[in-house]
Amino acid sequence: MDYTVEDIDKILEFSSWSDRKKIDTLLEMDADLYCNLGKDSTKTDRENAHKQSRKIYKAIKTVDSYQGGLFLRER
């Protein structure tokens, strides 16, 4: 099943899923965001992808604070 950013809360609430599976699913969503960007993507498209990516990383931080913190570090 394909998940979107709107499904983040639903994924976090799955009690039958392990933390690893939750994080993997969230990272798949993040990868899909950036795979859908191309040369013809506008600056707004790239900014929206970045904002959604941060939401995903914050969700990962609720599952695993160390790993989520690594993703949220500024470069």
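Is K51 buried or exposed? K51 counts as exposed because its relative accessibility is 52%, where exposed means over 50% relative accessible area, buried under 20% and partly exposed in between (1.4 Å probe, protein chains only).

## Basis of the model

This is a predicted model, in which local features need pLDDT of at least 70 and side-chain atom pairs count only at pLDDT 80 or more, while totals for chains, interfaces and linings use all residues. Residues are numbered from 1 along each chain as its sequence is written, and side-chain values use heavy atoms, with hydrogens and water left out.

## Position of K51

K51 lies in helix α3, which covers residues 43-63. Helices (H or I, at least four residues) are DSSP runs, as are strands (E, at least two), and they are numbered from the N terminus. Between K51 and D2 the C-alpha to C-alpha distance is 19 Å, with a sequence separation of 49 residues.

## Salt bridges

There are two salt bridges in the structure, each defined as a side-chain nitrogen of Lys or Arg within 4 Å of a carboxyl oxygen of Asp or Glu. One joins D7 to K10, with 3.8 Å between the closest N and O atoms. D7 is buried, at a relative accessible area of 16%, whereas K10 is partly exposed at 38% relative accessibility.

R20 and D24 form a salt bridge with their closest N and O atoms 3.2 Å apart. Both belong to helix α2 (residues 19-35), and because they are four residues apart, about one helical turn separates them. D24 is partly exposed at 34% relative accessibility, and R20 is partly exposed at 44%.

Apart from neighbours within four places in sequence, I8 contacts L26, M29, K55, I56 and A59, a contact being heavy atoms within 4.5 Å.

## Packing of α3 and α4

The axes of α3 and helix α4 (residues 65-72) approach within 6 Å and cross at roughly 155°. Axes are lines fitted to C-alpha atoms, for helices over the stretch in contact, with angles from 0 to 180 degrees between N-to-C directions. The two helices are therefore roughly antiparallel, a label for angles over 145 degrees. On the α3 side the contact includes R54, Y57 and K58, and on the α4 side S65, G68 and F71.

Note on methods:
Parallel < 35°, antiparallel > 145°, perpendicular 65-115°, else oblique.
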